[in-house]
Amino acid sequence: MQEATTAGPGVAGPGVAGPGVAGAGVADPSAGEADPGEDDRATGYRRRLLDGLAACIARDGYRATTVADVVAHARTSRRTFYQHFPDKEACFAALLADTTANMVRRISAAVDPTAPWDAQVRQAVEAWIGCVEAAPALVVSWIRDVPALGPAARRLQHDAMEAFIVMVQELSGTERWRDLGVEPVSRELAVMLLGGLRELSATTTESGRRMREVADVAVRASTALLGPRPR
């Protein structure tokens with residue numbers, strides 16, 4: 001993907017240099033000789049670039065964001081950016097991979113495996129909603145922009161869905177759930193559940209509403225999909 005070389009409009013946050021200009025006093029990690037702290041600094045620069053892209057997406061959207069915008073927000077240089085990522089799309093892929101992993105961790109940690117099964121469903125859905133409300137623009141971009149970005153992005157989308165499918169199957173594969181006589185959640189059922197939550201997240205956010213407003217609907221639908229079948 002060819003990236004624009006000029007920064008788009010917009011004002012960087014407090015303490016951030018203007019578009020396309022590295023922050024004062026910020027050294028390029030490639031400068032000088034290697035030392036024991038080089039890996040930590042490289043990790044720090046990568047994190048700043050990912051956070052910079054997330055902030056730019058929240059402000060301008062993914063498509064309007066340029067590499068110049070990202071490095072301005074991260075207070076670093078183009079040279080540093082291209083040491084970590086070949087282009088904006090690769091940075092986006094890394095950001096979404098990190099976001100997916102964080103969502104899986106947060107949702108899994110929010111579920112009490114000793115709670116009643118329907119309470120576990122509510123805990124998981126409310127944790128999903130909390131993740132969406134923490135970064136609504138990024139979540140919408142993940143849902144809307146990724147499918148149009150080509151094969152690499154589609155692999156990313158596939159990997160993200162796989163991570164969530166595994167999460168759903170693990171959360172519903174405990175002894176508490178087996179005691180209900182509920183069959184293990186199939187891939188197809190997990191896809192239906194996750195696809196519904198994704199689209200509900202996107203349409204709700206795009207309409208200017210908060211996910212909290214549709215929490216009960218999301219919980220009821222998820223409970224109906226995952227719970228025991230009438231005998």
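In the predicted model described here, Ala109 has its place in helix 4, which spans residues 88–110, where helices (H or I, at least four residues) and strands (E, at least two) are DSSP runs numbered from the N terminus. At 65% relative accessibility, Ala109 counts as exposed, on a scale in which buried means under 20% relative accessible area, exposed over 50%, and partly exposed in between, with a 1.4 Å probe and protein chains only. Between Ala109 and Ala124 there are 15 residues of separation in sequence and 8.9 Å in space, taken from C-alpha to C-alpha. Residues are numbered from 1 along each chain as its sequence is written, and side-chain values use heavy atoms, with hydrogens and water left out. Because the model is predicted, local features need pLDDT of at least 70 and side-chain atom pairs count only at pLDDT 80 or more, whereas totals for chains, interfaces and linings use all residues.

The nonpolar interior was examined next. A nonpolar core is a set of buried Ala, Val, Leu, Ile, Met, Phe, Trp, Tyr and Cys residues joined through side-chain atoms within 4.5 Å, and the largest such core holds 57 residues, of which Phe81, Phe92, Trp128, Trp142 and Phe164 touch the most other members. Two or more residues are given to this core by each of helix 1 (38–60), helix 2 (67–74), helix 4, helix 5, helix 6 (136–144), helix 7 (151–171), helix 9 and helix 10. The largest share, nine residues, comes from helix 5. Phe81 itself is buried, at 0% relative accessibility. When its neighbours within four places in sequence are left aside, Phe81 is in contact (heavy atoms within 4.5 Å) with Leu49, Val67, Val70, Val71, Asp87, Lys88 and Cys91.

Cys91, one of these contacts of Phe81, is likewise buried, with a relative accessible area of 1%.

Aromatic rings form seven pairs in the structure; rings of Phe, Tyr and Trp (its six-membered ring) pair if their centres lie within 6.5 Å, and planes under 30 degrees apart count as stacked, over 60 as edge-to-face and the rest as tilted. One of the pairs joins Phe81 and Tyr82, whose ring centres are 5.2 Å apart and whose planes stand at 80 degrees, so that the arrangement is edge-to-face. Whereas Phe81 is buried, Tyr82 is partly exposed, with a relative accessible area of 38%. A further edge-to-face pair is made by Trp117 and Trp177, with centres 5.7 Å apart and planes at 70 degrees. This pair links distant parts of the chain, 60 residues apart, since Trp117 belongs to helix 5 (residues 117–134) and Trp177 to helix 8 (residues 175–178). Trp117 is buried at a relative accessible area of 18%, and Trp177 is buried at 4%.

The charged end of Lys88 sits over the ring of Tyr62, 4.2 Å from its centre, and that of Arg48 sits over the ring of Tyr45, at 4.9 Å.

Salt bridges, in which a side-chain nitrogen of Lys or Arg lies within 4 Å of a carboxyl oxygen of Asp or Glu, come to a count of 13. In one of them, Asp216 meets Arg122 at 3.6 Å, N to O, a pairing that links helix 10 (residues 215–226) to helix 5 across 94 residues. Both partners are partly exposed, Asp216 at 45% relative accessibility and Arg122 at 31%. Arg212 forms a salt bridge with Glu133, the closest N and O atoms being 3.4 Å apart. Arg212 lies in the loop between helix 9 (187–206) and helix 10, and Glu133 in helix 5, so this pair ties together parts that are 79 residues apart in sequence. Arg212 is partly exposed at 44% relative accessibility, and Glu133 is partly exposed at 21%. Salt bridges that share partners also join Arg46, Arg47, Asp51 and Asp98 into one network.

Note on methods
Lys NZ or Arg CZ within 6 Å of the ring centre and 35° of its normal.
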